[in-house]
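Please look at the structure shown here before reading on.

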Amino acid sequence: PPRSTLFPYTTLFRSGKIINGREGYLRDLRWRVLQGGHIRSLEQFTERVIAEFSDRAVMGRTARSGNIYTPESIAALCQRDWDIHGKLIPEPSRATLSAEEASVKLQETIRQLLREGGQLAIKATAGLGKTVRTAQEIVALDGVERDYIEIFPPRKQEQEAWVGYLRKAAEQAGKILNIFPIYGRCADNCIKSELADDLSAKGLLVKPLLCCSSKGCKCEAYDGCPYLEQFKDMSAGIRVHNHAHLPTPRLEELPSPSLIVLDEAFHSGLCSISEFSLSNVRGLIGLGGPWRSIGPDCADVSATLKSVTEALASDEPVLEALRSRGVTPEDLIFAEDTLSKKLEFPAIRPDSSPNDVRRELKRSSRGVGLTTLGLFRALARELETGRTESHAVKRLDTGAFKLCVRKEVPRLEGVEAVLVLDADVEIENVRPFLPQIRSISIQAKENVSIKQCEDLTLSKGYQIGRAHV
């Protein structure tokens with residue numbers, strides 16, 4: 001079976017359709033449809049794949065890829081898959097629990113995790129009420145009023161739903177709880193939200209450059225800023241963030257929470273994706289680029305960089321080529337550490353005009369520098385494994401390379417209990433962030449045909465008590 005794609009999909013802003021990563025998505029889609037059962041003919045298999053791919057991804061050619069996706073080209077891939085795998089697909093296992101039984105088991109499982117601690121991923125049929133049950137069990141905890149708890153749903157829409165469920169559960173339980181929604185920057189709470197997005201895309205910390213610098217320079221809206229106001233109350237309570245906040249540091253004034261809840265596929269946003277060319281990387285050392293004060297101490301770094309570019313340019317598997325050139329994980333870690341201290345920061349201040357910020361971002365080559373640091377870090381990790389092919393670096397048809405670097409999530413360290421809720425969780429994707437995690441699957445016989453929707457109101461609770469739907 002093909003491994004899951006390591007490169008999360010990039011989508012068009014307005015349509016939400018996948019534009020970058022279509023090849024990996026189509027590969028995973030074909031395998032998922034085959035494995036999902038209920039497919040008894042090539043025609044049925046092809047029709048299902050084409051329908052879902054055209055609904056979720058851009059057809060034809062795009063500016064980002066030379067690949068052309070048409071019903072005919074997809075059908076040809078389906079034909080090949082069916083010839084190889086079609087007759088080997090087993091009958092799907094049938095769930096034995098009713099929706100009501102599965103819902104009770106779900107609640108008991110959540111309750112046990114909250115009281116005993118540990119790391120647990122719950123894979124449960126959509127519609128059993130994972131969010132509502134978890135909110136109720138959190139509120140029911142003894143002493144929850146004094147606890148620090150963090151919840152991370154995907155987006156603002158789900159944040160608002162969580163806040164609503166928690167407040168309703170607290171009202172029903174007769175408890176007074178602090179429930180803090182922590183929203184990301186947007187036009188409603190930050191006058192520089194678009195600039196903040198541009199800085200984040202370059203790997204820059206927003207607060208010291210746009211809000212308040214270490215020298216006391218402040219944004220004109222700093223005092224009373226709605227976005228920053230969200231972080232001022234340090235009281236115990238339940239803080240509902242979103243996935244984008246996971247790799248950001250927790251405020252020093254806040255203690256480590258007793259519980260973190262990760263709702264839906266949190267890991268998909270924890271990989272930084274960038275593209276680079278060999279010419280970019282070759283020119284970094286000795287030509288200035290994003291680095292400052294390049295001196296004799298970078299001689300070893302230059303040698304490492306040369307070996308890396310030679311390995312990428314060769315026809316050998318990247319990791320094997322690095323080993324044959326004597327490159328070790330320690331060499332790459334040293335190179336990353338040395339260059340990270342010399343990385344140039346763009347000349348941006350909180351009182352800079354929007355045009356000045358954009359001009360400086362365009363001039364700065366810091367993005368290339370961060371890509372190089374990420375390349376060293378990713379290859380160092382992979383050299384410690386026994387494989388020869390890199391999973392982090394992918395050669396594109398254009399000759400350029402795509403780099404996938406896993407982000408660090410210090411928020412998850414030292415937390416007593418971590419609960420992952422996801423109808424389609426794959427434990428292999430979660431374990432890099434939560435090494436001790438275990439999983440449990442709670443599947444129910446479906447009362448209805450399920451299609452997960454963006455609108456939460458269409459999917460909540462339809463399994464329970466609706467046998468005649």
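Buried means under 20% relative accessible area, with exposed over 50% and partly exposed in between (1.4 Å probe, protein chains only). Strand 13 is thus mostly covered: five of its five residues are buried. In a regular strand the side chains alternate between the two faces of the sheet.

The model is a predicted one, in which local features need pLDDT of at least 70, side-chain atom pairs count only at pLDDT 80 or more, and totals for chains, interfaces and linings use all residues. Residues are numbered from 1 along each chain as its sequence is written, and side-chain values use heavy atoms, with hydrogens and water left out.

The chain has 16 helices and 14 strands. These are DSSP runs numbered from the N terminus: helices are H or I with at least four residues, and strands are E with at least two. Of the 469 residues in the chain, 45% are buried. Among contacts between residues at least 6 apart in sequence, 75% join residues at least 24 apart; contact means heavy atoms within 4.5 Å.

Which strands make up the open sheet of seven strands? Their order is 7-8-6-9-13-5-14, and the pairing is parallel. Two strands pair if DSSP finds at least two bridges between them. Strand 7 (179-181) and strand 14 (438-442) stand at the edges with a single partner strand each, so one side of each is left without a neighbour in the sheet. From one strand to the next, the twist averages 15°. Angles here run from 0 to 180 degrees between N-to-C directions, and axes are lines fitted to C-alpha atoms, for helices over the stretch in contact.

Strand 13 (residues 417-421) runs parallel to strand 9 (residues 259-263), and five bridges join the two. Across this pairing, Leu262 stands opposite Val420, and Leu259 has Ala417 as its bridge partner. Strand 5 is also joined to strand 13 by five bridges, and these two run parallel. Here Gln119 has Val418 of strand 13 as its bridge partner.

Helix 5 (residues 130-140) packs on the sheet and touches strand 5 (118-124), strand 6 (148-152), strand 8 (237-240), strand 9 and strand 13. The direction of helix 5 makes about 170° with that of strand 9.

An open sheet of three strands has the order 10-12-11 and antiparallel pairing. Strand 10 (271-276) and strand 11 (393-395) are its edge strands, each pairing on one side only. Neighbouring strands of this sheet are turned by 20° against each other on average, direction ignored. Six bridges link strand 10 with strand 12 (residues 401-406) in the antiparallel sense. Ser272 stands opposite Val405 in strand 12. Strands of a sheet pair through backbone hydrogen bonds, either parallel or antiparallel.

## Helices packed in pairs

| Helix pair | Angle | Axis distance |
|---|---|---|
| Helix 1 (residues 22-35) and helix 2 (residues 42-56) | about 140° | 10 Å apart |
| Helix 5 and helix 6 (residues 156-173) | about 45° | 9 Å apart |
| Helix 7 (residues 193-201) and helix 14 (residues 354-363) | roughly 15° | within 11 Å |

Angles under 35 degrees count as roughly parallel, over 145 as roughly antiparallel, 65 to 115 as roughly perpendicular, and the rest as oblique. Helix 7 is therefore roughly parallel to helix 14. Helix 7 passes helix 14 in a left-handed crossing; a crossing is left-handed if the near helix is turned anticlockwise from the far one by less than a right angle, and right-handed if clockwise. The contact involves Glu194, Leu195, Asp198 and Leu199 of helix 7, together with Pro354, Val357, Arg358 and Leu361 of helix 14. Five of these residues are nonpolar, none polar and three charged. Ala, Val, Leu, Ile, Met, Phe, Trp, Tyr, Cys and Pro count as nonpolar, Asp, Glu, Lys and Arg as charged, and the others, Gly among them, as polar.

The crossing of helix 1 and helix 2 is right-handed, and their contact has eight nonpolar, no polar and six charged residues. Helix 5 and helix 6 also cross in the right-handed sense. Their contact divides into nine nonpolar, three polar and no charged residues.
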